[in-house]
Amino acid sequence: MIPALTLMAFLTMTSAFSAPKNKPAPTSKKSPTITLKRLAKERGLLVGAAVAVPELFEDPVYEKFIRNEFSIFTPENAFKFDALRPSRDAFSFETPDKMVHFARLNRMLMRGHTLVWHNPAALPNWFLKGKFSAKEKREILKDHIQKTLTHFKKAAKGAIICWDVANEVFHHDGSYRTDSIWAPVAAPTANAFLTQVFNWAHETDPKLKLFYNDYDIELPGPKATAVYNTLKALKKAGVPVHGIGFQMHQGPDRITDLKAIRANMRRFAALGLQIHITEFDFKLKDSEPKESALEKQALAYADAINLCKSIKACKAFVSWGITDKYTYVSRDNSGMGRANMLDFELLPKPAYYALRSALSKKADRRD
Ligand code: XIL
């Protein structure tokens with residue numbers, strides 16, 4: 001473990017991964033450029049981030065960083081229900097197809113995100129205000145899952161390797177979100193609901209790896225246990241669930257009990273589930289002094305990638321956002337922000353170099 005204060009010194013000493021402050025990573029004509037994706041590949045991992053549109057198509061610096069550095073990405077909002085569904089009968093795939101095209105052109109993979117989410121931020125008014133019966137909601141959701149996955153089966157030609165089928169189905173205390181707008185689709189339990197939606201997804205595209213995705217489940221606790229027990233029961237019943245997404249939104253305090261996270265992740269892996277870290281970010285308080293906050297953040301990014309490296313079933317690390325310029329964090333969390341690996345000018349922060357440094361070393365253990 002590197003003490004926080006010496007991190008910058010350490011990164012500077014490991015010359016292959018150092019860069020002058022506020023300058024982009026050095027490149028050499030002789031050797032291939034060291035990128036996150038190249039280092040991650042050597043560790044058997046995919047590395048990437050949530051990608052925003054229209055920024056991807058409008059900001060060439062942002063686009064180039066994504067293309068150069070990442071092997072996988074998640075559309076931040078473009079594949080959500082509201083984005084795909086202008087009305088009950090219509091689907092809109094124009095922007096998603098452009099993202100898929102970008103991925104294929106650059107030999108990148110994608111995580112589909114997300115088919116079922118209760119959050120009004122991702123639901124259109126026609127649905128929120130529609131007063132649909134349970135039977136109608138069931139038809140709407142079945143249709144949504146089937147038509148969406150049928151479309152991408154053809155359009156993505158394998159570039160989308162997995163989908164977060166269900167997102168955030170449990171409350172913080174581990175109880176099932178029966179107040180979710182989608183819950184009546186298959187009541188009354190999380191088990192019944194997830195069985196239904198995962199089966200619809202699997203029937204439509206049997207090649208996809210299907211994930212359950214949630215926040216605050218990395219440390220053991222009532223929520224992690226509720227998700228664990230449910231997925232265990234689903235697996236036992238033969239429901240096609242293949243992976244667990246640990247969102248891992250973090251900050252401003254660094255989690256120190258990494259052993260507990262590792263043990264928790266490994267019990268999910270023991271169920272036969274693939275693990276992805278799906279939405280990593282590390283928020284800083286606006287009031288925190290810049291240098292020490294950035295060093296703490298860098299250590300937290302390294303912690304997360306080291307966790308993934310140390311668990312065989314962990315195959316991908318995805319951060320939620322790339323640059324502090326385009327981020328949802330400052331909008332949703334007042335007094336906090338700067339959670340990403342590039343700063344407001346899209347220049348690498350210590351977090352970026354910490355990822356590189358961590359990825360450059362073999363894991364102590366991988367089991
Ligand atoms: C967020 C996006 O980043 C925002 O732009 C949007 O307004 C709301 O959704 N958990 C998830 C993500 O699974 O889909 C959320 O993304 C962040 C929390």
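Contact is taken to mean heavy atoms within 4.5 Å. The structure is a predicted model, in which local features need pLDDT of at least 70 and side-chain atom pairs count only at pLDDT 80 or more, while totals for chains, interfaces and linings use all residues. Residues are numbered from 1 along each chain as its sequence is written, and side-chain values use heavy atoms, with hydrogens and water left out.

**Arg88 and its surroundings**

- Leaving aside residues up to four places away in sequence, Arg88 touches Trp126, Phe132, Glu136, Glu139 and Ile140.
- Arg88 sits in the loop that runs between α5 (81-84) and α6 (94-105); helices (H or I, at least four residues) and strands (E, at least two) are DSSP runs, numbered from the N terminus.
- Arg88 counts as partly exposed because its relative accessibility is 29%; buried means under 20% relative accessible area, exposed over 50%, and partly exposed in between (1.4 Å probe, protein chains only).
- The C-alpha atoms of Arg88 and Gly130 are separated by 9.7 Å, and these residues are 42 apart along the chain.

**Ligand site**

- There are 13 residues around the ligand, of which Glu76, Lys80, His113, Asn167 and Glu279 come nearest; a residue is near a molecule or strand if one of its heavy atoms lies within 4 Å of it.
- By class, this shell comprises three nonpolar, five polar and five charged residues. Ala, Val, Leu, Ile, Met, Phe, Trp, Tyr, Cys and Pro count as nonpolar, Asp, Glu, Lys and Arg as charged, and the others, Gly among them, as polar.
- Oxygen atoms of the ligand have polar side-chain atoms of protein residues at 2.7 Å in the case of His113, at 3.0 Å in the case of Trp320 and at 3.4 Å in the case of Gln247.
- The ligand taken alone exposes 420 Å², and the protein buries 86% of that; accessible areas come from the Shrake-Rupley method with a 1.4 Å probe, and for residues only the protein chains shown count as cover.

**Strand β3 and its partners**

- Strand β3 (residues 109-117) has eight of its nine residues buried, so the rest of the structure largely encloses it.
- Strand β2 (residues 72-75) pairs with β3 in the parallel sense over two bridges; two strands pair if DSSP finds at least two bridges between them. Here Phe73 stands opposite Met110 in β3.
- Strand β4 (residues 160-167) also pairs with β3 in the parallel sense, over six bridges, and Gly112 stands opposite Trp163 in β4.

**Backbone geometry**

- Most residues other than glycine have a negative phi, and most peptide bonds are trans.
- The peptide bond from Val53 to Pro54 is cis, with omega near 10°, and Pro54 belongs to the loop between β1 (46-51) and α3 (55-58).
- Gly251 and Pro252 are likewise joined by a cis peptide bond, with omega about 0°; Pro252 lies in the loop between β7 (249-250) and α11 (258-269).
- Arg338, although not a glycine, has a positive phi of about 50°. Arg338 is found in the loop between β11 (336-337) and α14 (350-360) and is buried, with a relative accessible area of 16%.
- Leu346, another residue other than glycine, has a positive phi near 65°. The loop between β11 and α14 contains Leu346, which is buried at a relative accessible area of 10%.

Key. A polar contact is a pair of N or O atoms within 3.5 Å; within protein, one must be able to donate a hydrogen and the other to accept it, and residues adjacent in sequence count only if both atoms are side-chain atoms.
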